[in-house]
Amino acid sequence: MSQNSSTFPDWHGTTILAVRKNGKTVIAGDGQVSMGPTIVKGNARKVRRLAGGKVLAGFAGATADAFTLIERLEAKLEQYPDQLARACVDLAKDWRTDRYLRKLEAMLLVADKDSIFTVTGVGDVLEPESGCAAIGSGGNYALAAGLALMEGELDAETLARKAMGIAAKICVYTNGELTVESL
């Protein structure tokens, strides 16, 4: 997070996974928020529905910063209805060039029924080739599990739940209290 650890607490604890399989898109997020070695909340809700329920967004990082970005994304989705890629690119452009937004410390994982995008503050808007993407402290564990499970017969939601369960067994900043949203 911030380099000045005396001013800002060392917050950790997010795993967000998006899976698109057989025409279904799912974003799952764990509920743990940690400050250093202490779990301060176990049931945070880090996945939201946007654009009248047509878009899902999960966030990692500073909560207030993430909410600011989600609000900005909602405005972009109103400006560009049914154009998720354009809204994400426009948000990333603003995020990178706006002096205020540039200081925000969060990442977004955004999906609609057709696409998944990882949006970052350095201007990245990344669409996974595999139909699986993840962010957060346990993101690499969830991504690895999700990719391994993609070959099987599991539906998108079951796959996401299993992959998040695997991440929770490995990452100390991830728990099994999931919020799962599907399209």
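Buried means under 20% relative accessible area. That cut-off applies to the close-ups below, which show a predicted model.

**Close-up 1. Lysine 46, a buried loop residue.** Lysine 46 sits in the loop that links strand 5 (38-41) and strand 6 (47-50). Its relative accessibility is 3%, so lysine 46 counts as buried. The lysine 46 side chain makes a polar contact with the side chain of aspartate 30, at 3.2 Å.

**Close-up 2. Glycine 29 in strand 3.** Strand 3 spans residues 24-29 and includes glycine 29. With a relative accessible area of 0%, glycine 29 is buried. Setting aside neighbours within four places in sequence, glycine 29 is in contact with Thr15, Ile16, Val47, Met164, Glu177, Leu178 and Thr179. Alanine 44 is 15 residues from glycine 29 in sequence. The C-alpha to C-alpha distance between glycine 29 and alanine 44 is 9.0 Å.

**Close-up 3. Helix 3 against helix 4.** Helix 3 covers residues 139-149 and helix 4 covers residues 156-170. Their axes come within 8 Å and cross at roughly 140°. That angle makes helix 3 oblique to helix 4. The crossing is right-handed. From helix 3, the residues in the contact are Tyr141, Ala142, Ala145, Gly146 and Leu149. Helix 4 meets them with Leu159, Lys162, Ala163, Met164, Ile166, Ala167 and Ile170. By class, the residues of this contact divide into 10 nonpolar, one polar and one charged.

Conventions: Residues numbered from 1 in each chain as written. Predicted model: local features only at pLDDT ≥ 70, side-chain atom pairs only at ≥ 80, totals over all residues. Heavy atoms only, no water. Helix = DSSP H or I, 4+ residues; strand = E, 2+ residues; numbered from the N terminus. Buried < 20%, exposed > 50% of the residue type's maximum accessible area, 1.4 Å probe, protein only. Polar contact = N/O pair within 3.5 Å; in protein donor to acceptor, adjacent residues only side chain to side chain. Axes fitted to C-alpha atoms, helices over the stretch in contact; angles between N-to-C directions. Parallel < 35°, antiparallel > 145°, perpendicular 65-115°, else oblique. Left-handed = near helix turned anticlockwise from the far one by under 90°. Contact = heavy atoms within 4.5 Å. Nonpolar A, V, L, I, M, F, W, Y, C, P; charged D, E, K, R; others polar.
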